[in-house]
Amino acid sequence: MYVRHLTLRNFRNYADAELSLDVGVQVFEGANGQGKTNLVEAIGYLATLSSHRVSSDAALVRFGEKSAIVRAELAHRNRTLAIDVELQKSGANRARVGGQPVRARELSRYFTTVLFAPEDLALVRGEPQQRRDFFDSLLVTHSSRLGDVLQQYDRVLRQRNSLLRSAKSQRLDASALTTLEIWDEQLIAHGSVIIAERLALVERLVPHLQDAYESLVDDNHHPGLSMRVTALADGGRLMDDDQTGEQRGTVTLAEIESRFAERLRAARDKELERGVTLVGPHRDDVTFWLNQLPARITASHGESWSFALSLKLAAAQLVRSESRTGDPVLILDDVFAELDAARRQRLAAAIAGFEQVLITCAVLTDIPEPLRKHTIHIRAGKIIDREDASAPAELAASELAASEQQAERSDD
């Protein structure tokens, strides 16, 4: 599945934009503040209903407007499909597929993207929540049903935490909380499904990660993944004795449910004391390994960058192997500038087989020449669709000066 046409209305710094795209690699070139990242952000939003840059949808609506529209015409083999989202500054967003209203979260069934941006370095060095979000988004890509499970788990978790806070403030003991066991049952039911799916996802992702990392850095640093699961025994860490980062034997859903219940019972007094749920997938984490050492602690900046990029390439390969709608749209937002010449060439080779790849850059020469064939230049929120990759050098000085002035007022 690829994007054949993109329409924006009042999205970021675009009042009205139309863009036709094709299969293969397309490069969006423009200085910071011109709007190149806004284009790929809009495409990514259609697939995930979230931005990789801001947490609030209100920031995506053009200043002074109440709503924005992102619409795409998708193509897969001989079929086309129109999907769109109307983002509201306040109130619920509305989504349509083929002109018919749908629940917004159903869009992931029709369209998939995998996006890598500099912010993704936080996957390696950031907080556990960022890693959980990444893996959960992959789960939803594979099965929209998991989106409902995740929502149900969050609802139960909020209710259970509310009850625990009330018990803490009133100094009640467990015997006075007759409804706590009801929430325990639901927490275990939904949470165990999430745990099982995450463990299975890690197992499927590891081979793709190893291939992607080796192809990118041209060396085998033994990258690995392992889950830290609070609902399981032994501190919840599923690892080999030699700490290679590879998962131990598979646990069944019934085993997870049983051990989850045991861990909840064991943590009951601490939960009442602190007024919060201490066991469950909301407190789990994924450890990234390089050469049998945790990457978060020991990896250099370059190694962390390569690991995060390899993780996204692995995700794209996994989606490609499991999707019924073909390749995901692979988006690389300002990535090549961070790589040396050798790794730029290896990344170019790694992405060559994907149906559609969208790349943003501030300096066109950062992109290997074979990838520049279809370059789209962005100037002050205007799309200049030129096939000639040398065009930016020939822009008049007055146009560049105007673009720089607009950049100071525009949000890229």
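Predicted model: local features only at pLDDT ≥ 70, side-chain atom pairs only at ≥ 80, totals over all residues.
Select residues 180-217 for α5 and 301-322 for α9. α5 passes α9 in a right-handed crossing. The two helices pack at about 125°, and their axes lie 7 Å apart. They are therefore oblique to each other. Now show the side chains at this contact. Its residues split into 14 nonpolar, five polar and three charged.

Next, the largest nonpolar core. Which residues touch the most other members? Select Leu-225, Phe-288, Leu-332, Leu-347, Ile-351 and Ile-359. The core holds 83 residues. Helix α5 supplies the largest share, 17 residues.

Stay in this core and centre on Phe-288. Leaving aside residues up to four places away in sequence, Phe-288 touches Leu-123, Val-124, Arg-131, Phe-135, Gly-224, Leu-225, Leu-293, Pro-294, Ala-295, Arg-296, Phe-307 and Leu-311.

Another core lies apart from the largest one.

Finish with two loop arginines. Most residues other than glycine have a negative phi. Go to Arg-12, in the loop between β1 (2-11) and β2 (14-20). Its phi is positive, about 55°. Is Arg-12 buried or exposed? Arg-12 has 6% relative accessibility, so it counts as buried.

Then jump to Arg-77, in the loop between β4 (67-76) and β5 (79-88). Here too phi is positive, near 55°. Arg-77, however, counts as exposed because its relative accessibility is 75%.

Definitions and conventions
Residues numbered from 1 in each chain as written. Heavy atoms only, no water. Core = buried A, V, L, I, M, F, W, Y, C linked by side-chain atoms within 4.5 Å. Buried < 20%, exposed > 50% of the residue type's maximum accessible area, 1.4 Å probe, protein only. Helix = DSSP H or I, 4+ residues; strand = E, 2+ residues; numbered from the N terminus. Contact = heavy atoms within 4.5 Å. Axes fitted to C-alpha atoms, helices over the stretch in contact; angles between N-to-C directions. Parallel < 35°, antiparallel > 145°, perpendicular 65-115°, else oblique. Left-handed = near helix turned anticlockwise from the far one by under 90°. Nonpolar A, V, L, I, M, F, W, Y, C, P; charged D, E, K, R; others polar.
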